[in-house]
Amino acid sequence: MPKNKKKHIEHKEIEKIALDIGVQQWSKDLLLFTSQNKNYKTILSEPFRSKHYSVLFALEGTVSLRINMFDYKLSKNTIVFASPDTIKEFKESSDDCRIAVLLFTGSFINNSIIGKNHSEIINTFINKTHYFLNIDDNYYNELSQLILILNKRLDLNQETKNVENLIFFSILNILQELLDKQVNTPLLEKTNKRNNLVIQFFQLLPKHIQQNRDVKFYAQKLGITPKHLSYVLKEKTEKPALKHIANMLILESKVMLNNHENSISNIADALGFPDQFSFCKYFKLNSGLTPSEYRNSNLAK
């Protein structure tokens with residue numbers, strides 16, 4: 001890799017994001033920043049994973065992002081929650097876009113005296129890979145005010161952060177209340193049996209995609225036939241199971257390709273392809289680019 005080119009990584013953790021964006025970090029397990037810092041658009045514009053929880057608030061304008069294979073457009077009164085190990089990517093944003101991004105780890109919750117009473121929110125996050133919520137004006141105003149107050153207080157560099165802790169957990173309390181209400185989910189109508197199948201399929205996909213790209217595997221996990229799985233997915237998402245598997249595998253491949261120390265041969269092996277040629281052919285067929293072309297296009301940015 002040329003020395004003057006930026007090194008891409010598969011994982012972006014809180015400390016790395018804070019360093020790249022150039023914002024002050026109060027704790028290695030907590031980061032809050034707003035879109036007033038424009039660097040986030042370039043730092044987070046490629047697919048990446050992380051071990052922390054992410055909460056994104058739209059304050060003004062709009063921003064498009066992708067979590068695993070779901071595309072979302074955030075605007076005022078919308079929130080996105082993402083669990084660890086989801087693949088995240090920021091896409092386009094309006095000129096007047098302002099967002100707030102809150103990142104925290106499970107350790108931050110568990111190691112806090114206040115947090116010991118909030119471990120249930122972690123369990124809520126774990127239940128799904130991500131949530132998309134529409135909230136009313138009252139919730140929006142309360143959350144946005146708390147976020148902005150917390151952001152301002154974290155910049156004060158005080159030795160103790162008792163007040164900041166209280167504000168953070170006040171935000172979590174509201175988030176927990178919103179999640180409990182289940183205002184909206186990526187696939188809606190969760191009480192519907194077929195929609196539940198779709199939700200379960202998309203929960204399984206990122207966990208097993210590196211080892212399994214066979215429809216039969218996921219159908220067996222769900223206790224149904226491959227034909228029925230594809231039928232339900234086609235009905236609910238307009239795409240059969242095999243197409244979703246291909247899309248997820250391409251996304252997984254892109255995350256690996258963004259690490260330029262990872263050879264294409266090693267990636268092919270990690271994803272269960274018999275050889276590099278088979279992987280390159282599959283990637284080209286489903287993305288329109290060869291792995292090398294995709295990697296080079298990122299280097300050119």
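Visitor: How do the axes of helix H8 and helix H9 cross?

Guide: Two packed helices are described by the angle between their axes and the distance between those axes. In this predicted model, the axes of helix H8 (residues 215-222) and helix H9 (residues 226-237) come within 8 Å and cross at roughly 90°. That makes H8 roughly perpendicular to H9, a label for angles of 65 to 115 degrees. Axes are lines fitted to C-alpha atoms, for helices over the stretch in contact, and angles run from 0 to 180 degrees between N-to-C directions. Helices (H or I, at least four residues) and strands (E, at least two) are DSSP runs, numbered from the N terminus.

Visitor: Which residues make the contact between H8 and H9?

Guide: On H8 they are Val-215, Lys-216, Tyr-218, Ala-219 and Leu-222, and on H9 they are Pro-226, Leu-229 and Ser-230. Contact means heavy atoms within 4.5 Å.

Visitor: What are the rules behind such values?

Guide: Residues are numbered from 1 along each chain as its sequence is written, and side-chain values use heavy atoms, with hydrogens and water left out. As the model is predicted, local features need pLDDT of at least 70 and side-chain atom pairs count only at pLDDT 80 or more, while totals for chains, interfaces and linings use all residues.

Visitor: Which residues have the most contacts inside the largest nonpolar core?

Guide: In soluble globular proteins, nonpolar side chains tend to be buried together. A nonpolar core is a set of buried Ala, Val, Leu, Ile, Met, Phe, Trp, Tyr and Cys residues joined through side-chain atoms within 4.5 Å; buried means under 20% relative accessible area, exposed over 50%, partly exposed in between (1.4 Å probe, protein chains only). The largest core here has 58 residues, and those with the most contacts inside it are Leu-74, Phe-201, Phe-202, Leu-205, Tyr-218, Leu-229 and Phe-279. Helix H10 (residues 241-257) gives the most to this core, with ten residues. Apart from it lies another core, of 32 residues, among them Leu-30 and Tyr-140.

Visitor: In what order do the three strands of the open sheet lie?

Guide: Strands of a sheet pair through backbone hydrogen bonds, either parallel or antiparallel. Here the order is E4-E3-E6, with antiparallel pairing; two strands pair if DSSP finds at least two bridges between them. Strands E4 (70-74) and E6 (88-93) stand at the edges, each with a single partner strand, so one side of each is left without a neighbour in the sheet. Strand E3 (residues 63-67) pairs with E4 over five bridges.

Methods
Angles under 35 degrees count as roughly parallel, over 145 as roughly antiparallel, 65 to 115 as roughly perpendicular and the rest as oblique.
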